[in-house]
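Let's take a walk through this model together, with an eye on its aromatic rings and a few backbone angles. Have the viewer ready and follow along.

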Amino acid sequence: MSDKISLTDKLATFNEYWSPRTVAQLNDYDVMVVKVKDEFVWHKHDDTDDFFLVLKGVLDIQLRDRTITIGPGEMYIVPKGVEHRPVAREEVHLLLIEPTGTPNTGDARTAAPRKTA
């Protein structure tokens with residue numbers, strides 16, 4: 001990587017919710033930013049953990065037996081195979097890191113297409 005990346009600038013390039021944008025690649029992983037609001041679908045990732053780092057706002061990660069609430073500067077990793085649903089009462093900005101090509105819904109047929117910012 002030849003230049004620094006401003007996550008704030010990258011987030012300013014789009015308004016869609018639940019549509020992650022790749023801002024860099026690290027080995028075989030995508031580093032992404034995403035804006036979220038309201039509820040996402042219940043889903044799981046059979047082959048990888050799911051990493052969430054809140055940049056702005058408050059995110060609830062609903063698990064079948066409890067809810068994890070994370071705010072700015074906090075992160076949570078959902079273990080692979082665990083059903084979860086992210087919920088944002090107001091707009092939340094996140095940093096995500098996951099293996100390149102991982103479908104955001106856990107299912108390639110229903111996943112948002114990969115985009116770059």
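This is a predicted model: local features need pLDDT of at least 70, side-chain atom pairs count only at pLDDT 80 or more; totals for chains, interfaces and linings use all residues.

What does F40 form with W18? A search of the whole structure finds one aromatic pair, and W18 and F40 are its partners: the rings are stacked, 4.7 Å centre to centre, with 25° between the planes. That angle counts as stacked because it is under 30 degrees.

Now trace the chain between the two rings. W18 lies in the loop between α1 (7–11) and β1 (21–26), while F40 lies in the loop between β2 (29–39) and β3 (50–56). The pair thus links distant parts of the chain, 22 residues apart. W18 also counts as buried, at 16% relative accessibility. Its backbone deserves a look too: phi of W18 is near 60°, a positive value in a residue other than glycine.

A positive phi turns up at D38 as well, where the angle is near 75° and the residue is again not glycine. D38 is placed in strand β2. Is D38 buried or partly exposed? With a relative accessibility of 48%, D38 counts as partly exposed.

Finally, turn to the ring of F14. The charged end of R21 sits over this ring, 4.3 Å from its centre. The charged end of K35 also sits over the ring of F14, at 5.3 Å from the centre.

Technical notes:
Residues are numbered from 1 along each chain as its sequence is written. Side-chain values use heavy atoms; hydrogens and water are left out. Rings of Phe, Tyr and Trp (its six-membered ring) pair if their centres lie within 6.5 Å; planes under 30 degrees apart count as stacked, over 60 as edge-to-face and the rest as tilted. Helices (H or I, at least four residues) and strands (E, at least two) are DSSP runs, numbered from the N terminus. Buried means under 20% relative accessible area, exposed over 50%, partly exposed in between (1.4 Å probe, protein chains only). A charge sits over a ring if NZ of Lys or CZ of Arg is within 6 Å of the ring centre and within 35 degrees of the ring normal.
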